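Trainee: I would like to learn how to read a structure like this one. Where do we begin?

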Amino acid sequence: MLRNQKNQMVRRLQDNWSMKIVRAMQLEGKSPYFRAMQSANSPRVDIDGRPRMMLGSNNYLGLADHPLVMEGARKALERFGAGSTGSRLLNGTIDLHLELEAEIADWYGTEAAIVFTTGHQSNLGTVGTLAGRGDVIVADADAHASLHDAARFTDAQSIRFRHNDVDSLAEKLAAAAKRGRPAMVTVDGVYSMEGDLAPVDRIAEVCLEHNALLLVDEAHAVGVFGRNLTGVSELYGAADRTPLRTGTFSKSIATTGGFAVGSHDLIDVIRTNGRAFLFTASGVPAAVGGALAAVRLIRSAEGQERAERCLANARFLRDSLVSLGIPLAEPAIGPDGAEIVTPIVPVIVGESLRAFAKWHELYERGVFAALAHYPAVPLDHALLRLAVTAEHTFADLEEAAEAIHKVLEPDNERQLVA
Ligand code: PMP
């Protein structure tokens, strides 16, 4: 009986359409997933035994192998050892966690900051701690999986508003207010797949009108946007109207871990009640030491210069692809309504099977991209998610654009179909 039940669960997952495509691609050796790398995360990475241009990372500032970040990680490893073997609450807090929290609070200009083991846990540990029975969590439909997971983790009612549609959000909040339900709103600053931005200024206004608690996940915006490079709330001049912001160390900060910033009250209740904070081991010392070094670097003139280079690279790649006639997702729109470039450059391919084939052709040409297909993006809207780092050169990006052009050009498509 027990065995049968287990089989049903496994079968249900195996029968999943998206999973079947991945399995078929794996059998043909064409799957983009779980490719093992043999060298550090940099513009060119050894994958499957040969160097390939890395356009599938989130290493926006190119800090993953920066000497100062590696030195921060190495010193922490040498002083504090390989792991904490415990949660922050008990034996897992080292001086570096407190130093990093003070540094982040100072950077974001908030009363307090809290460091988590991963970015996913930052969202689980904030949303999942604050919202409870009788509350409503209103998430952008395209918000990161961790924000949706966080909502599911609570006893609150979880609903979604249409992606980046402030009127749809206002409607949901008005309905919650009518029922006397406290509301929390969760959005990404930069959306991870298509690279578009949340209009945080308008979202913050609507939240204030309806007394809803706003959380902006700045994962892809940290180190890239805003005068102090703290993210999209800052870019939109809405940092003081965003009571809670979360982020990760796994992108621009280039190690592993996550954080949340806010008032003393908010951060304190998360620190003392957050299950995703209390019931897991703290980040390894090397990750914390590396993150501290990376944050300090981002706050220096070099950080500004790297952010500028990263965005100049994104602009260059975008322009190169457009000039070759390659279909891109809509550009992001910034605070003044003008187009704005983000480090994420999504090339629309369409149907999933075609996208897998194109991904593999590009890989064979020496370019590693990330492939997003349903359910990460809408059905038949699969895309090659390209992301630049500050360390790419224009020559690298020109080479990549040409490879993408070759792979997507109609002649090749006809050959593939024939
Ligand atoms: N939020 C967003 C928007 C993300 O894209 C990610 C990671 N892809 C996370 C949170 C989770 O961060 P981490 O990888 O540190 O768990």
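**Reading the domains and the ligand site**

Mentor: We begin with a contact count, keeping in mind that this is a predicted model. Here 23 residues of domain 1 are in contact with 19 residues of domain 2.

Trainee: Which residues belong to each domain?

Mentor: The domain assignment gives 24-55 + 301-417 as domain 1 and 67-298 as domain 2. Their C-alpha centres lie 27 Å apart.

Trainee: How much area do domain 1 and domain 2 bury between them?

Mentor: The size of an interface is often given as the accessible area lost when the parts come together. For domain 1 and domain 2 that is about 1600 Å², with 65% of it on carbon and sulfur atoms.

Trainee: Which elements give two or more residues to the side of domain 1 that touches domain 2?

Mentor: They are helix H13 (301-323) and the strands E10 (332-333), E12 (344-350) and E14 (382-387). H13 has the largest share, six residues. By type, this side of domain 1 has 15 nonpolar, five polar and three charged residues.

Trainee: What surrounds the ligand?

Mentor: There are 15 residues around the ligand, and the closest are Gly-119, His-120, Asp-217, His-220 and Thr-248. A polar side-chain atom of Thr-248 is 2.6 Å from a ligand oxygen atom. Gly-119 instead has a polar backbone atom 2.7 Å from an oxygen atom of the ligand. For His-144, a polar side-chain atom lies 3.4 Å from a ligand nitrogen atom.

Conventions: Residues numbered from 1 in each chain as written. Predicted model: local features only at pLDDT ≥ 70, side-chain atom pairs only at ≥ 80, totals over all residues. Heavy atoms only, no water. Domains from an automatic or database assignment. Contact = heavy atoms within 4.5 Å. Buried area = accessible area lost by both parts, 1.4 Å probe. Helix = DSSP H or I, 4+ residues; strand = E, 2+ residues; numbered from the N terminus. Nonpolar A, V, L, I, M, F, W, Y, C, P; charged D, E, K, R; others polar. Near = heavy atom within 4 Å. Polar contact = N/O pair within 3.5 Å; in protein donor to acceptor, adjacent residues only side chain to side chain.
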